[in-house]
Amino acid sequence: MKLKLKIWRQKNSNDKGKIVSYDIENISPDMSFLEMMDVLNEQLTSKGIDPVAFDHDCREGICGSCSMFINGEAHGPDRLVTTCQLHMRKFKDGDTIHIEPFRANSFPVIKDLVVDRSSFDRVQHAGGFISINTSGNTQDANAIPIEKNSADKAFDAATCIGCGACVATCKNSSAMLFVSAKVSQFSLLPQGKVEANDRVLNMVKQMDEEGFGNCTNTGACEVECPKGISLENIARMNRDFLKAKISS
Ligand code: SF4
Ligand code: FES
């Protein structure tokens, strides 16, 4: 395949940034999108041009770092996949592909396609955990019976990989899908119910402090989420938040 790539290049967070065009050929439809980017970077490096900076780690859809906006969609045109799992067969020979970083005020660009998502880490630190006071006679977690429906929903929520596609896709840059998945993962389980009120209040407070926008029920986040995190989590978090606020 022969392609034209129009890629956002930005030297650092203070640089204005611009779209730069690159022509690339001999791309196999079986390559992943990141392998195609590797080929481009090899070519740029051999010409003495600074390679395009992009985040990646697992290349298996697990770590959530390979975040790119491809032809106006977070993680590109395929559904329920991350950029590393997107294959070039989703594009046609001769296509022009626009590649930009995930954009949101709370995700400042560090360089090219790499953004700073530490705001997500701070939300997680505000309450996305369970405190276990080990006294020497801690109960084995496997010995606590959990109703199947709740276990399944908690497990589904736990599949959120913190990629930020929901924020980048939302017209309000809302992080509600991410935060509600992290809240639900614990609040549905008996182990997480003990700190449930503090957790939801603290995580929502941190989310607001980080400058994420509000949810206006557009649902774009659910469509673009590579892990199929359901809007049901947002409704659950809103209920949990209201209950916690009343009882605080
Ligand atoms: S909810 Fe989905 S889109 Fe948002 S951070 Fe989690 S996995 Fe990514
Ligand atoms: S590189 Fe880890 S999810 Fe894509």
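Which residues are closest to ligand 1? The shell around ligand 1 holds 14 residues, and the closest are Cys-160, Cys-163, Ala-165, Cys-166 and Cys-225; a residue is near a molecule if its C-beta atom, placed from the backbone, lies within 6 Å of it. The elements that give two or more residues to this shell are α4 (165-169) and α5 (176-187), and α5 provides the largest share, three residues. Helices (H or I, at least four residues) and strands (E, at least two) are DSSP runs, numbered from the N terminus. By class, the shell around ligand 1 has eleven nonpolar residues, two polar and one charged, where Ala, Val, Leu, Ile, Met, Phe, Trp, Tyr, Cys and Pro count as nonpolar, Asp, Glu, Lys and Arg as charged, and the others, Gly among them, as polar.

The model is predicted, so that local features need pLDDT of at least 70 and side-chain atom pairs count only at pLDDT 80 or more, whereas totals for chains, interfaces and linings use all residues. Residues are numbered from 1 along each chain as its sequence is written, while chains are lettered from A and ligands numbered from 1 in the order in which they are written.

Turning to the whole protein, there are nine helices and seven strands, and the C-alpha atoms fill a box of roughly 60 × 35 × 35 Å, taken along the principal axes. Of the 248 residues, 36% count as buried; a residue is buried if 20 or more other C-beta atoms lie within 10 Å of its own, exposed if 12 or fewer, and partly exposed in between, with the C-beta atoms placed from the backbone. Among contacts with a separation of 6 or more, 70% are between residues 24 or more positions apart, and two residues are in contact if their C-beta atoms, placed from the backbone, lie within 7 Å.

The domain assignment gives domain 1 (3-111) and domain 2 (117-133 + 144-247), with bounds that come from an automatic or database domain assignment. The C-alpha centres of domain 1 and domain 2 lie 28 Å apart, and the contact takes 18 residues from domain 1 and 17 residues from domain 2. On the side of domain 1 that touches domain 2 there are nine nonpolar, seven polar and two charged residues.

Helix α1 (residues 33-46) has 14 residues, which at 1.5 Å a residue should span 20 Å, in agreement with the 20 Å between its end C-alpha atoms; the expected span is 1.5 Å times one less than the number of residues. In α1, Phe-33, Met-36, Met-37 and Leu-40 are buried, and these buried residues fall within an arc of 100° seen down the axis, so they line one face of the helix. The arc is that of the directions from the helix axis to the C-beta atoms. What covers the buried residues of α1 includes β1 (3-9) and β2 (18-24), whereas the face turned away from the buried side carries the exposed residues Glu-42, Thr-45 and Ser-46. Just after α1, Gly-48 takes a positive phi of about 80°.

Most residues other than glycine have a negative phi. Arg-59, in the loop between α1 and β3 (69-70), has a positive phi near 55°, and Arg-59 is partly exposed because 16 other C-beta atoms lie within 10 Å. Asn-71, in the loop between β3 and β4 (73-74), has a positive phi near 50°, and with 15 C-beta neighbours inside 10 Å Asn-71 also counts as partly exposed.

Helix α9 (residues 232-247) has 16 residues, which should span 22 Å at 1.5 Å a residue, and its end C-alpha atoms are 23 Å apart, which agrees. In α9, Asn-233, Ile-234, Arg-236, Met-237 and Asp-240 are buried, and they cover an arc of only 155° around the axis, which puts them on the same side of α9. These buried residues pack against α3 (148-158), α5 and α7, while on the other side of α9 Arg-239, Leu-242, Lys-245 and Ile-246 are exposed.

Within helix α7 (residues 196-209) lies Arg-199, which is buried because 23 other C-beta atoms lie within 10 Å. Not counting residues up to four places away in sequence, Arg-199 touches Gly-127, Val-183 and Phe-186. Arg-199 and Ala-244 are 45 residues apart in sequence, with 9.3 Å between their C-alpha atoms.
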